[in-house]
Amino acid sequence: MYTKILQLVLILILSPFLFGVINKTKAFFAGRKGSPLLQLYYDLFKLLGKGVVYSTTTTWIFIAGPIVGLSALTVAALLIPFAGYSAVISFDGDVIFFIYLLGLARFFTVLAALDTGSSFEGMGASREVQFAVFAEPALFLSLATLARVTGQVSLSGIFSKAVITSWAEYGPLIYLIFGAIFIVFLTENSRIPVDDPNTHLELTMIHEVMVLDHGGFDLAYIFYGAAIKFWLLGTLLMGIFLGTSSYGWGQDCIIFILGMILLAVVVGVVESVFARFRLLKIPHFLIIALALAVVALILTMRP
Amino acid sequence: MNAVLSSLIILAISGLLALSFNRFAKLSNFIGALGVVIASILGLGSIFVVYKTNNSSLNIPWLVPYGTFSIEIDFLSTLFLFPIFIVSALAAVYGFDYLKHYFGKKNIGRAWLFFNLLVASMVLVVISRNAILFLLAWEAMSISSFFLVLFEGEKKNVGRVGLLYLIATHIGTLFLIAMFVLLSKNNGSFDFSLWQITASGFLPSIIFICALIGFGTKAGFMPLHIWLPEAHPAAPSHVSAVMSGVMIKTGIYGLIRIITFLGIPCAWWGYLLIAIGIISGVLGILFALAQHDLKRLLAYSSIENIGIITIGIGMGVLGMSINNPVLTVIGFTGGLLHLINHSLLKGLLFLGAGAVLQGAGTREIDALGGLFRKMPLTGFCFLIGAASICGLPPFNGFISEFIIYFASFKSLFGSAAIALISMIIIASLALIGALAVACFSKAFGIIFLGQPRSVYCQQAHEPGIFMRISMVILASASVLIGLCFPFVVGFIGKIISEITGKPISTIEMPLLNLVNPLIYIVVGVLLLYIVILLLILLRRIILRKVEIKPVLTWDCGYMYPNSRMQYTASSFIQPVVDFFKGILNTKKHVVKITEYFPDSSYFKTETADLFSETVFRPMFKFLRQMTEKLTWLQHGKLQFYILYILFTLIALFIWKL
């Protein structure tokens, strides 16, 4: 139990670090020095100490958005395994609870955006719910396919060390699922090629534009929530990728953390070498994820 | 049993009294509402008695040919009686305030007579055990709700809608009569207690198809649903809550009841039910998304939820036929619990819609906005209902959807066919869930948040105290039921034992699989509440001394953003609607801007029903053309009509000789 709690604490402490890694990688590609690795921690502390500014249009929903969002993601962090070791809470069907907690966070973020009455934030909210229409079935199908392959229906079961032993054993199926989840991962975390976290043109943003009017304290909750979400969905990828033999808890954890840093580097590379898709193309991109999951599913039907 | 009978009598008497005191609108209003409340409390009492002492039944011979006044309350009946009494009582309390608006303009006594008759007939439908009695109750239910739909009959279109409803419901009844005749001919009696089909062959399947069409029309299965999005919005809001919340569930009741008479079901019945469920679910929510009228949106969302319920029931039926206890038990549990949840939620949302309609005077989503400031309590209740109907934790809607997902996840490991159908169910539920979030974030966000979009919002106000009480009770039920599911599962086991005819011991094993996850979810939900509280507390502590500055919404440096710059409901859903345009076929009316300094312009979208446009309209047109050729028979000469009757009688005599 202590190790499980320690894992949770590690998730909560380490997740903002990955954003620093992404920014360093992007800075490297751009030939810049870049912001410090711990920049997000500095930002969070600075924001927590700042005052807040509220539009006269908003109601308490605007304040509730970041709070419910962060709470839902924190509870979701209780369900996610760490380095192939069981999570704090693990039960049959926790996959469903996990995805719906992400849905709850989305619902309140969207409502907080609509609460401002700004057309930009309405635009972002509209895109967010549209992309979820494709991303959610893709994520569900991928995890259900993994469930069928591994014979487990809990996240900790699916991603435990004992189950996925090698990529070779499962063959192309695992590549397909990895691809599908990777696309969902990029979308849900609003990274390039779906969304650009760095753009400053409101018209082209999705997630950033939804939180345009949030500042100070509330923004700290939102940034921290985004960092946790990155870690949670990243675990789904790394759980597949690193599912090899065990070297004992301590070493496994170090390998897993290094894996997550590698994932952040990969995201940084993707952001540096890819351009953003046109908004109209993004549903097609997400349907690729759906198609990959369906093909993987068909492969599991072999006798 | 006595309690239910007396509640039926109270409903009838209070309805008649309300009608007779019609001149004194206040008194009539009071009597009508009070009757429903007292009858419901009595009725709920009878449910607890049945729960303690098992079934109770009553059999009285009757003068009606083939009929006996045979009623029985078993566990399956109580499952349906529970939402009928709760939602009707709260709708009546709400209606007490809601109808005050119509004093002096409308016939209040008549409205209560039909409302009370509607409640009484719904109760009678789920407890009657004789085909004739059932059909009588079924007709009373349809007719009384028909008159309630016509409450505002002077409005444009309401008459046409009422007629559509009347025709649709009678086409359904036609199939029910055929089904009952087949069943009773096979068993030699009209009493349910004597029915048991053991015969193989086509007969059970024919009966099943008749039940599917007959009850499906009432339940709103796609494509038999076309009356539903027309009729439910036309009725007064508390009636819409009863119609959408509980009346359409009697269709599901009938279907389950008939399945219990048919022995072991065929596998294809289960597949068919699942397919209907998926089609109703996905298309229901897609069309809900595209609506601009709040009550129409809610009506389409009812079709979606009927779809989810049917998926659960279908899995149960499939499990019965292939003898898979996990699929049977968990599938039925999910379907039945979602039925209860949806009754309460759709009741809540329709009551909220009524409060918006009465407060702001319109139900056009695009004309509303910023109502949260004027109607904080209504808004809060509507928010809980909206989050819950999307299946989001920590509310009750999540739990029942979770159980249906759980049944599919548990069936992933079997044969390829079952695994495939489970995958399709999982993907469809995920799609439905994501679309529901889009739909209800639009409904809540555009109506209650942002700035007022029209003058309608200026005079908006909270509804009367009784309307508020009803909404608050339903909203708190949604939060509490989310927490107490692990403890009602045992009761569901008894119902499933009745449906499948298997002993309770075989049901309990698969149910135990479910209890553990449900307890964990309750723990997770409690943790969620705790984390929310902690984060609020942290915010309080840190922001204690900070001054909060009110400013305008950021609008790119442009000063004074106004309400017309906001996103509207149409623009919010435009990307999704455009993507699914092949199905939705949304029509856009737009004046193109061509000049550099354009004049006034407008943009409007409307989405007509897919099936009513592509199937029913052409079909009825064809029927009309065919029947027009027979008009020479109908020439208005009475003598000839009497001659027809004579010929028919002679023909019947010869046939019987």
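Of the 657 residues of chain B, 58% are buried, a term that denotes under 20% relative accessible area, with exposed meaning over 50% and partly exposed the range in between (1.4 Å probe, protein chains only). The model is predicted, and local features are reported where pLDDT is at least 70, side-chain atom pairs count only at pLDDT 80 or more, and totals for chains, interfaces and linings use all residues. Residues are numbered from 1 along each chain as its sequence is written, chains are lettered from A and ligands numbered from 1 in the order in which they are written, and side-chain values use heavy atoms, with hydrogens and water left out.

Chain B contains 24 helices and five strands, where helices (H or I, at least four residues) and strands (E, at least two) are DSSP runs numbered from the N terminus. The radius of gyration of chain B is 26 Å, close to the 26 Å given by the globule rule for 657 residues, so chain B is as compact as a globular protein of that length. This radius is taken over C-alpha atoms, and the globule rule is 2.2 Å times the number of residues to the power 0.38. The C-alpha trace of chain B spans about 95 × 65 × 55 Å along its principal axes. Among the contacts in chain B with a separation of 6 or more, 78% are between residues 24 or more positions apart; contact here means heavy atoms within 4.5 Å.

The accessible surface of chain B amounts to about 26900 Å², and carbon and sulfur atoms account for 70% of it. Accessible areas were computed by the Shrake-Rupley method with a 1.4 Å probe; for residues, only the protein chains shown count as cover. Chain B carries 44 positive and 25 negative charges, whose mean positions are 3 Å apart. In this count Lys and Arg are positive and Asp and Glu negative, while His and the chain ends are not counted; the place of a charge is NZ of Lys, CZ of Arg, CG of Asp or CD of Glu.

Within chain B, helix α9 (residues 237–247) is mostly covered, as eleven of its eleven residues are buried. Ser244(B) is one of these buried residues, and Ser244(B) is also in contact with His342(B). His342(B) itself belongs to helix α13 (residues 325–360) and is buried, with a relative accessible area of 1%. Beyond its neighbours within four places in sequence, the contacts of His342(B) include Lys249(B), Ser302(B), Asn305(B) and Ile389(B). The side chains of His342(B) and Lys249(B) are joined by a polar contact of 2.8 Å. A polar contact is a pair of N or O atoms within 3.5 Å; within protein, one must be able to donate a hydrogen and the other to accept it, and residues adjacent in sequence count only if both atoms are side-chain atoms.

Gly284(B) lies in helix α11 (residues 267–289) and is buried, with a relative accessible area of 0%. When residues up to four places away in sequence are not counted, Gly284(B) touches Met222(B), Ile279(B), Tyr300(B), Ile303(B) and Glu304(B). Met222(B) is in turn joined to Pro223(B) by a cis peptide bond, with omega at about 5 degrees. Pro223(B) is placed in the loop between α7 (203–219) and α8 (228–234). A further backbone feature of chain B occurs at Asn157(B), which has a positive phi of about 80 degrees although it is not a glycine. Asn157(B) is found in the loop between α5 (131–149) and α6 (158–187) and is partly exposed at 42% relative accessibility.

Chain A has twelve helices and one strand, arranged along the sequence as α-α-β-α-α-α-α-α-α-α-α-α-α. Its radius of gyration is 19 Å, close to the 19 Å that the globule rule gives for 303 residues, so chain A is as compact as a globular protein of that length. The C-alpha atoms of chain A fill a box of roughly 60 × 40 × 40 Å along the principal axes. Buried residues make up 65% of the 303 residues in chain A.

The loop between α8 (172–188) and α9 (207–210) of chain A holds Pro193(A), which is joined to Ile192(A) by a cis peptide bond with omega at about 10 degrees. Ser190(A) also lies in the loop between α8 and α9. Although not a glycine, Ser190(A) has a positive phi of about 45 degrees, and it counts as buried at 11% relative accessibility.
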